[in-house]
Amino acid sequence: MLADLDLIELDAGEFRFKSELVRDVAYGTLTRAERARRHGLLAQQLASAGGDAREESAAFHLAAAAELVAGLGTVPGVTTDVRERALDALVRAAARADHIEHH
């Protein structure tokens, strides 16, 4: 439906919002708990897909979920160890970025 309205682009089962404004409006319609759940689910899917770029994206989404949970407390559907998982993922992503920069 969003693709029919020309609000997102679909490519090989993935999507991208056509503009940041559309993304922000769509994101703003979700509760903070639902945002945390969706960030957590997306992180899980990205991590299981593998690949360095997806691993870095997974770290970003885990961190977003962890930030939201920190402000809300326990959120059903988000693992209780999301903060630890986010920190671990961010450390791995930073190490990879450091390794790429220093040959």
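A: Helices (H or I, at least four residues) and strands (E, at least two) are DSSP runs, numbered from the N terminus. His-61 is found in one such run, helix H3. The model is predicted, so local features need pLDDT of at least 70 and side-chain atom pairs count only at pLDDT 80 or more, while totals for chains, interfaces and linings use all residues. Residues are numbered from 1 along each chain as its sequence is written, and side-chain values use heavy atoms, with hydrogens and water left out.

The setting comes before the detail. The chain contains four helices and two strands, which follow the pattern β-β-α-α-α-α along the sequence. Its C-alpha trace spans about 45 × 40 × 20 Å along the principal axes. Of its 103 residues, 23% are buried, where buried means under 20% relative accessible area, exposed over 50% and partly exposed in between (1.4 Å probe, protein chains only).

His-61 counts as buried because its relative accessibility is 14%. His-39, in helix H2 (residues 32-49), also counts as buried, at 9% relative accessibility. Contact here means heavy atoms within 4.5 Å. Not counting residues up to four places away in sequence, His-61 touches His-39, Leu-42, Ala-43 and Leu-46. With the same exclusion, the list for His-39 is Tyr-27, His-61, Ala-64, Ala-65 and Leu-68.

Next comes the nonpolar packing. A nonpolar core is a set of buried Ala, Val, Leu, Ile, Met, Phe, Trp, Tyr and Cys residues joined through side-chain atoms within 4.5 Å. In soluble globular proteins, nonpolar side chains tend to be buried together. The largest core in this chain has 16 residues, and those with the most contacts inside it are Ala-36, Leu-62, Val-69, Val-75, Val-78 and Val-82. At least two residues of this core come from each of H2, helix H3 (52-72) and helix H4 (82-101). H3 gives the most, with seven residues. Val-75 shows what such a position touches: leaving aside neighbours within four places in sequence, Val-75 is in contact with Ala-33, Ala-36, Arg-37 and Val-69.

Ala-70 is found in H3 but counts as exposed, at 66% relative accessibility. Ala-70 and Phe-15 are 55 residues apart in sequence and lie 28 Å apart in space, C-alpha to C-alpha. For the chain as a whole, 43% of the contacts between residues at least 6 apart in sequence join residues at least 24 apart. The accessible surface comes to about 7,400 Å², of which 57% belongs to carbon and sulfur atoms; such areas come from the Shrake-Rupley method with a 1.4 Å probe, and for residues only the protein chains shown count as cover.

The charged side chains remain. A salt bridge is a side-chain nitrogen of Lys or Arg within 4 Å of a carboxyl oxygen of Asp or Glu, and nine are found in the whole structure. One of them joins Glu-34 and Arg-37 at 3.0 Å, N to O. These two residues are three apart in helix H2, which means that about one helical turn separates them. Glu-34 is partly exposed at 22% relative accessibility, and so is Arg-37 at 27%.

Another salt bridge pairs the side chains of Lys-18 and Asp-6 at 2.7 Å, N to O. Lys-18 lies in the loop between strand E2 (14-17) and helix H1 (20-28) and Asp-6 in the segment before E1, so the pair ties together parts that are 12 residues apart in sequence. Lys-18 is partly exposed at 37% relative accessibility, as is Asp-6 at 48%. Both belong to a salt-bridge network that links Asp-6, Glu-9, Arg-16 and Lys-18. Asp-6 has a positive phi of about 60° although it is not a glycine. Elsewhere, Arg-23 forms a salt bridge with Asp-24, with the closest N and O atoms 3.0 Å apart.
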